[in-house]
Amino acid sequence: MAESQKLDAQVCLGVIVFLIIYNYWFLYIPYLTWLYFDWQTPEQGGRRSDWVRSWTIWRYFKDYFPIHLIKTWDLNPSHNYIFGFHPHGVLVAGAFGNFCTNYSNFKELFPGLTAYLHVLPFWFRCPLFREYLMSSGPVSVSRRSVSHVLSKEGGGNISVIVLGGAEESLDAHPGKFTLFIRQRKGFVKIALTHGAYLVPVFSFGENELFKQVSNPEGSWLRAVQEKLQKIMGFALPLFHARGVFQYNFGLMPYRKPIHTVVGRPIPVRQTLHPTPEQIEELHQTYMDELRKLFEEHKGKYGIPENETLIFR
């Protein structure tokens, strides 16, 4: 989740508190009543709006870095897919820019397919903000939500999951390629259950947008960050980049190109009750394909030959 959206969530929550404190009951009571009945929508495909996805600000957002989407393989729209997105970075700019706006070339590259970016359920519990968030396309990352997307008869849906999650954002340092994936096997099980093809996606440049305060494993800062992550459900990386009118210090991301490369699909046969051995085998195949994707394309985006992925 982008840091700017955390601020948006706080503003929306503040608006609700303001309405309650000053007793604007004719505004907040109808909304909270409607919210009660609409609570499950983020787990049932969400409620996207082409109007919001086409806001001009998203075109500026995409062009700022800029963000590019690269296809390496044709995808058959008669299947459902899970896109494993790597790395998380701080902003997850490549995932949002390519899959939550109408300014990427997603529709041209993958005709007949609809992408759903899955984010933490926490963000859909914030009144008002949840409406804004859903309007651009994201849905919950709960198992129920992913199952809903992948259950579409006849295929055509893509679940985009940032597999490293909040934990990985704490290692989002420029020049580092550490991915938290070895213990992330739930996506493999759900792919087998639904027969959804797995597709590794690597977003080159995602970790270059910010600099983080040094927080190596075992440091007091990392211990505090990990503790807060367990309590709140999301991480708090201490980062900085550039300002609006100067490049020395600020919270705006650096203007670094992002190339989100979509790899080769891994066919998955539907298995309603997969065994641990089947899950382990497919998980290893996925990691092998992800590493192959990185190695094949890293030279195009300025990554030294000796650099490789680190799986944790």
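Author: Start with the word helix: a helix here is a DSSP run of at least four residues, numbered from the N terminus. Ile21 lies in helix H1. Keep in mind that this is a predicted model.

Reader: Why is Ile21 called exposed?

Author: Exposed means over 50% relative accessible area. Ile21 has 60%, so the label exposed applies.

Reader: What makes the nonpolar surface patch?

Author: The patch includes Leu13, Val17, Phe18, Ile21, Trp25 and Phe26. Its area is about 1000 Å². Helix H1 (3-21) and helix H2 (25-38) each give two or more residues to the patch. Nonpolar side chains are joined within 5 Å, and patch residues have over 30% relative accessible area and no salt bridge. Ile21, at 60%, is over that area cut-off.

Reader: Where is Asn23, and why is it called partly exposed?

Author: Asn23 sits in the loop between H1 and H2. Its relative accessibility is 45%. Buried is under 20% and exposed is over 50%, so Asn23 falls in between. Asn23 also has a positive phi of about 55°, although it is not a glycine.

Reader: Which domains does the assignment give?

Author: The domain assignment gives domain 1 (1-38) and domain 2 (49-311). Their centres, taken over C-alpha atoms, are separated by 28 Å.

Reader: How do you know that domain 1 and domain 2 are in contact?

Author: Contact means heavy atoms within 4.5 Å. By that rule, 15 residues of domain 1 are in contact with 20 residues of domain 2. The area buried between the two domains is about 1500 Å². Carbon and sulfur atoms give 70% of that area.

Reader: What makes Asp38 and Arg130 a salt bridge?

Author: The rule asks for a Lys or Arg side-chain nitrogen within 4 Å of an Asp or Glu carboxyl oxygen. The closest N and O atoms of Asp38 and Arg130 are 2.9 Å apart, so the pair qualifies. The rule finds one salt bridge across the interface of domain 1 and domain 2.

Reader: What about Arg47 and Asp38?

Author: Their side chains also meet in a salt bridge, at 3.0 Å from N to O. Asp38 has 9% relative accessibility, under the 20% cut-off, so it counts as buried. Arg47 has 34%, between the 20% and 50% cut-offs, so it is partly exposed.

Reader: Why is the pair of Asp63 and Lys62 called a salt bridge at 3.9 Å?

Author: The cut-off is 4 Å, and 3.9 Å is within it, so the pair counts. Lys62 is buried because its 17% is under 20%. Asp63, at 36%, counts as partly exposed.

Reader: How do you know that Arg264 and Glu289 link distant parts of the chain?

Author: Their side chains meet in a salt bridge of 2.7 Å, N to O. The two residues are 25 residues apart. Arg264 is in the loop between strand E10 (258-262) and helix H12 (276-297), while Glu289 is in helix H12. Glu289 has 10% relative accessibility, so it counts as buried. A search of the whole structure finds 18 salt bridges.

Reader: Which residues does a cis peptide bond join at Pro66?

Author: A cis peptide bond joins Phe65 and Pro66, with omega about -5°. Pro66 is in the loop between helix H4 (56-64) and strand E1 (67-71).

Methods
Residues numbered from 1 in each chain as written. Predicted model: local features only at pLDDT ≥ 70, side-chain atom pairs only at ≥ 80, totals over all residues. Heavy atoms only, no water. Patch = residues over 30% accessible without salt bridge, like charges linked within 9 Å, V, L, I, M, F, W, Y side chains within 5 Å. Areas by Shrake-Rupley, 256 points an atom, 1.4 Å probe, with all protein chains shown as cover. Buried < 20%, exposed > 50% of the residue type's maximum accessible area, 1.4 Å probe, protein only. Domains from an automatic or database assignment. Buried area = accessible area lost by both parts, 1.4 Å probe.
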